[in-house]
Amino acid sequence: MGISSQFECQTCGLAAAVSGGDDVGKMTRTQTRYCSNCETLVDVCTGLHDHVQEQAHHRDEYNRCPDCREIASIAWASGEPCPRCGGTMTGPGDVIVFWD
Ligand SMILES: [Zn+2]
Ligand SMILES: [Zn+2]
């Protein structure tokens, strides 16, 4: 089960509820990335667990922003500076969502 927490940039106001790094769900592995199209942080699917049989259509979903479907390739982890402006990020704050 994955946990998302609130992160926020003190400088530009970028705010997102994400895992803040690598995480695993019931079937998928995820990683927090910066989507330069949406200008926000998102958790993208990077692959499936070994025990899950991969289907061809799954591969189309990897590394894509869940909102705009563009490839989000800039990895971001809790403790790193804001990927948009280089400012200081606060967080992890309150746990927002539990997801599978
Ligand atoms: Zn910022
Ligand atoms: Zn996006």
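Is Cys 12 buried, partly exposed or exposed? Cys 12 is partly exposed, with a relative accessible area of 28%, where buried means under 20% relative accessible area, exposed means over 50%, and partly exposed covers what lies in between (1.4 Å probe, protein chains only).

## Basis of the report

This is a predicted model, in which local features need pLDDT of at least 70 and side-chain atom pairs count only at pLDDT 80 or more, while totals for chains, interfaces and linings use all residues. Residues are numbered from 1 along each chain as its sequence is written, chains are lettered from A and ligands numbered from 1 in the order in which they are written, and side-chain values use heavy atoms, with hydrogens and water left out.

As for accessibility, Cys 82 counts as buried at 4% relative accessibility, whereas Cys 85 counts as partly exposed at 37%.

## Cysteines and disulfides

The structure holds 0 disulfides, a disulfide being a pair of cysteine sulfur atoms within 2.5 Å. For Cys 45, the closest cysteine sulfur is that of Cys 65, and at 13 Å this is too far for a bond. Cys 45 counts as buried, at 17% relative accessibility.

Strand 4 and strand 5 run antiparallel and are joined by 8 bridges; two strands pair if DSSP finds at least two bridges between them, and helices (H or I, at least four residues) and strands (E, at least two) are DSSP runs, numbered from the N terminus. Within this pairing, Arg 33 stands opposite Val 42 in strand 5. Because 8 of its 9 residues are buried, strand 5 is largely enclosed by the rest of the structure.

The two strands form a hairpin with 4 residues between them, and Glu 39 in the turn has a positive phi of about 55 degrees. Most residues other than glycine have a negative phi, and most peptide bonds are trans. Glu 39 is found in the loop between strand 4 (28–35) and strand 5 (40–48), and it counts as partly exposed at 41% relative accessibility.

## Salt bridges

A search of the whole structure finds 4 salt bridges, each defined as a side-chain nitrogen of Lys or Arg within 4 Å of a carboxyl oxygen of Asp or Glu. Among them, Glu 39 forms a salt bridge with Arg 84, the closest N and O atoms being 3.3 Å apart. Glu 39 lies in the loop between strand 4 and strand 5 and Arg 84 in the loop between strand 6 and strand 7, so the pair ties together parts that are 45 residues apart in sequence. Arg 84 counts as partly exposed, at 35% relative accessibility.

The side chains of Glu 54 and Arg 59 also meet in a salt bridge, at 2.8 Å from N to O. Glu 54 is partly exposed at 36% relative accessibility, and Arg 59 is partly exposed as well, with a relative accessible area of 48%. A further salt bridge links Arg 69 with Glu 61, whose closest N and O atoms are 2.4 Å apart; Glu 61 is partly exposed, with a relative accessible area of 36%.

## Further backbone features

Arg 69 is found in the loop between helix 1 (56–59) and strand 6 (74–75), and its phi is near 70 degrees, a positive value in a residue other than glycine. Arg 69 is partly exposed, with a relative accessible area of 36%.

A cis peptide bond, with omega about 0 degrees, joins Gly 91 and Pro 92. Pro 92 has its place in the loop between strand 7 (89–90) and strand 8 (95–99).
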